[in-house]
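This report looks at a few local features of one protein chain. The sequence and the structure come first, and the description follows.

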Amino acid sequence: MNEENQIPNYYEESKKKKKNILPIILLVVAIVFCVVGAVLAKQYGVFPFTKKEKTPDTPVIGGEVANNADIELALADLTSGLICNGIYDFITNGKKEAKDVSSLRAYTIAEQNYFFSLGENEISLDDFQNQIKIYLGENYEFHPEEIDYNGQSCPSYRYDAENKKFIKQETACGGSCGAKVYQVSSVEEKDGTVEAYVKIVFYDNETNAYYADPEKTTLIADSNTFTPESLESGEVYKFIFQRVDDKFQFVSSEKVIA
C-alpha cells in the first residue's frame, strides 16, 4: 500500500468538523435570541429589532362622546308617561335643577323605565328611590306622600306609608299624545358633562295649536299643519347632564337668552 495514502488528511477532517459544529452554533444563537427576546418583551413590551410604533400626539380618551341620539333617548326616559309633553316638567322661567323636579315626575320616571315592565305586586320605597337616583342623582329627595295616586298620571302603584311600600293597583288608563314637542339641536360633552341644546314648542289644549313661547303668544301651527320642521321655531333651552356609567343624569335646564 502506498504510504502517502495512509497519511491523514487533516484539512478534510477539519472541514467536516466545522460543518458539524456550525448548525449547533446557529441553534444556540437562535435559542439565546429567543430567550432574550422573551425577557425583553415581558419586562418592556418590546422585542429585539422590532419597529417601535409612533406614540399619538394626543391621548385617546375611552368611551364615545355623547351625540344627539343619546340625549333624545335620555329625554325620552325623563319625560315618558301618560301625562303628555312631560318635558314641560323640566323647564321654568329661570333655572331648574334636579332637586326641583316634582316627586310625581320622579315617580313616573322610575315606574315607566323600570318597574312597569316587571309587574311586581309590591316594591319597597328603597328600591324606588334607588331607581330615581339613577336619573336625578344621589341627592334627589323623593316624597311619595305628595303624589295623587288617583290623578291623571294614573300611577300603577299606590304608596303605603305605614309599610313604606308601593302596592300595585288596578288602573283603566289609556290614550295617546300628539306630536313630539321638542328636538335636540346640538350636544357637546366634556369630561362627562353634557350640554344639550333643545328646541321646544308649546302646545295649548284649548286652541289645539302649537306656539313658540310658553306664554303662547306666537302661533306656529295648529294640529293639522304642524310638522317636525315646525320645531325649528321653538325656544332653545340648555340641558345639562352628567354621564354616570351608561346613563345621563339630569342636572339642570334653563332658557337660552338670545
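A nonpolar core is here a set of buried Ala, Val, Leu, Ile, Met, Phe, Trp, Tyr and Cys residues joined through side-chain atoms within 4.5 Å. In this model, which is predicted, the largest such core has 48 residues, and those with the most contacts inside it are Leu136, Phe142, Phe166, Phe239 and Phe241. Leu136, one of these, is in contact with Leu78, Ala98, Val101, Ala106, Ile109 and Phe250 once its neighbours within four places in sequence are left aside.

Arg105 lies in helix 3, which spans residues 103-118, and it counts as buried because its relative accessibility is 4%, where the cut-off for buried is under 20%.

| From | To | Distance |
|---|---|---|
| Arg105, polar side-chain atom | Leu78, backbone oxygen | 3.2 Å |
| Arg105, C-alpha | Ile147, C-alpha | 9.4 Å |

Arg105 and Ile147 are 42 residues apart along the chain.

A further element is the hairpin formed by strand 5 and strand 6, with 2 residues between them. Strand 5 (residues 182-190) and strand 6 (residues 193-200) run antiparallel and are joined by 8 bridges, and Tyr182 stands opposite Ile200 in strand 6. In the turn of this hairpin, Asp191 has a positive phi of about 55°.

Notes
Residues are numbered from 1 along each chain as its sequence is written. This is a predicted model: local features need pLDDT of at least 70, side-chain atom pairs count only at pLDDT 80 or more; totals for chains, interfaces and linings use all residues. Side-chain values use heavy atoms; hydrogens and water are left out. Two strands pair if DSSP finds at least two bridges between them. Helices (H or I, at least four residues) and strands (E, at least two) are DSSP runs, numbered from the N terminus. Buried means under 20% relative accessible area, exposed over 50%, partly exposed in between (1.4 Å probe, protein chains only). Contact means heavy atoms within 4.5 Å. A polar contact is a pair of N or O atoms within 3.5 Å; within protein, one must be able to donate a hydrogen and the other to accept it, and residues adjacent in sequence count only if both atoms are side-chain atoms.
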